[in-house]
Amino acid sequence: MKVLVLNSGSSSIKYQLFDMRDESVLAGGSIEQIGEPGSHLSHSLRTGQIEMAKTVRTLPVPDHRQGFQLIASVLRETGALTDTGELKGIGHRVVHGGEQFKEPTRVTPEVLAAIRSLIPLAPLHNPANLLGMEVAMESAPAVPQVAVFDTAFHQTIPPHAYRYAIPKRLYEAHQVRRYGFHGTSHRYVAKKAAEFLHKPLETLNLISLHLGNGASAAAIQQGKCIDTSMGLTPLEGLIMGTRCGDLDPAIIFYLARETQLSCEEIESILNKESGLKGICGVNDMRSVGELAAGGDPEARLAIAMYCYRIKKYIGAYHAVLGGLDGLIFTGGIGEHADFIRAGCCEGLDHLGLAMNNGKNLGHQEGCSALESGTGRVKILVIPTNEELEIAEQTVACLEAD
């Protein structure tokens, strides 16, 4: 019952090996800077949640094929996986599944072709995800492979929420609609919230806030996503580390006219130079918090803007859900930045969101509830685990075949 989870990027491979009998992590790590000078492997051997040994090697890794072979080799050397024949399956993170993929799917040549056809929707991510699947299939041809899509959880969003008010022909010819991302994380923390509250997920209305360098919100009604903040791409929605989030689209045309910047240059600015970085010069929320604590006005503005945008989504999703049972904070910022959690909930008592400031202080370990006694809505911090969710979905997909 061992499952290997792979997340293949353009110059990296991240991996975790699970024993699905108890969902424990046996080993994990990453290969970074593939094909570049300074490529290196980080690998840790684990027993449950405890890291027993960690190694870091700098060595040439010219391509993903050799990267996968290196992963297999280090898993053998450490005794975590003596042979790929021990694997029940390999689960792959795939960023974009378009409208074709609503569930995890066993990888076949037809599935690879369908994912390849979606490259225009995710030109930076899907090619790397495809490469990882192809290399893994070549290297371990007897092991079943499963694609798990970031967009799949959001495929229950109804047309009135996923369509944009643009000509229908653009939707039909070019698939221009809201897809949403971080779906694997939103699905995982929604399930964990139901477990924590000892209630069936199908009875709960939840808002999930995945807050990291990328950030998104999801409205989850009786276990199904009915709206999410990211759109055709991960650029829409909340303010992020370097992405602007919601923006008047006419700004793009205005900048093109006034600055003579190309579409590519403006796209790069909105994705890589905006968000927190654009407001105060740094994109790591820990650094933003330190600057704000020291009195930096731009950092304080960045935090105020960040929390204000999230508040607007909380209010909107509360309205469309018709009531709320739980608000979930997850991701690096959601789990660790108490001042962001406080800022997002400040002034929302009328919606039943009243935070206990004492419970909120500091880093939260495991699942925890932060609401005060007067709050009708549970305020939860739930650590996400996208790799475990991919492993669980891989097993479910293979056992359903």
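Which backbone oxygen lies 3.0 Å from a polar atom of the side chain of threonine 105? The backbone oxygen of glutamate 103 does. A polar contact here is a pair of N or O atoms within 3.5 Å; within protein, one must be able to donate a hydrogen and the other to accept it, and residues adjacent in sequence count only if both atoms are side-chain atoms.

The model is predicted, so local features need pLDDT of at least 70 and side-chain atom pairs count only at pLDDT 80 or more, while totals for chains, interfaces and linings use all residues. Residues are numbered from 1 along each chain as its sequence is written, and side-chain values use heavy atoms, with hydrogens and water left out.

Threonine 105 itself belongs to strand S7 (residues 105-106). Helices (H or I, at least four residues) and strands (E, at least two) are DSSP runs, numbered from the N terminus. Leaving aside residues up to four places away in sequence, threonine 105 touches Val111, Gln145, Val146, Ala147, Phe149 and Cys397; contact means heavy atoms within 4.5 Å.

At the start of H1, a side-chain oxygen of aspartate 63 comes to within 3.2 Å of the backbone nitrogen of arginine 65. Glycine 79, which follows H1, has a positive phi, near 80°. The buried residues of H1 include His64, Gly67, Phe68, Leu70 and Ile71, and also Ala72, Val74 and Leu75. Buried means under 20% relative accessible area, exposed over 50%, and partly exposed in between (1.4 Å probe, protein chains only).

Next comes the sheet. Six strands form an open sheet of mixed pairing, in the order S11-S10-S9-S12-S14-S13. Strand S11 (224-228) and strand S13 (368-369) stand at the edges with a single partner strand each, so one side of each has no neighbour in the sheet. Strands count as paired if DSSP finds at least two bridges between them. Strands of a sheet pair through backbone hydrogen bonds, either parallel or antiparallel.

Strand S9 (residues 205-211) pairs with strand S10 (residues 215-221) in the antiparallel sense over 7 bridges. S9 also runs parallel to S12, joined by 5 bridges. Leucine 209 shows both pairings: its bridge partner in S10 is alanine 217, and in S12 it is phenylalanine 329. S12 and S14 are parallel as well, with 4 bridges, and leucine 327 stands opposite isoleucine 379 in S14.

Why is S12 described as largely enclosed by the rest of the structure? The reason is that 5 of the 5 residues of S12 are buried. In a regular strand the side chains alternate between the two faces of the sheet. In S12, Gly326, Ile328 and Thr330 are on one side and Leu327 and Phe329 on the other, and both faces are covered. Helix H13 (residues 338-345) lies across S9, strand S12 (326-330) and strand S14 (378-381), running at about 150° to S12. Axes are lines fitted to C-alpha atoms, for helices over the stretch in contact, and angles run from 0 to 180 degrees between N-to-C directions.

The loop between S13 and S14 contains threonine 374, which is exposed at 68% relative accessibility. The side chains of threonine 374 and serine 372 make a polar contact of 3.0 Å. Between the C-alpha atoms of threonine 374 and aspartate 63 there are 56 Å, the two being 311 residues apart along the chain.

The structure holds 3 aromatic pairs. Rings of Phe, Tyr and Trp (its six-membered ring) pair if their centres lie within 6.5 Å; planes under 30 degrees apart count as stacked, over 60 as edge-to-face and the rest as tilted. Tyrosine 162 and tyrosine 171 have ring centres 6.3 Å apart and planes at 45°, so this pair is tilted. The rings of tyrosine 313 and tyrosine 317 have centres 5.6 Å apart and planes at 75°, so that pair is edge-to-face. Tyrosine 313 and tyrosine 317 lie 4 residues apart in helix H11 (residues 297-321), about one turn of the helix, and both are buried.
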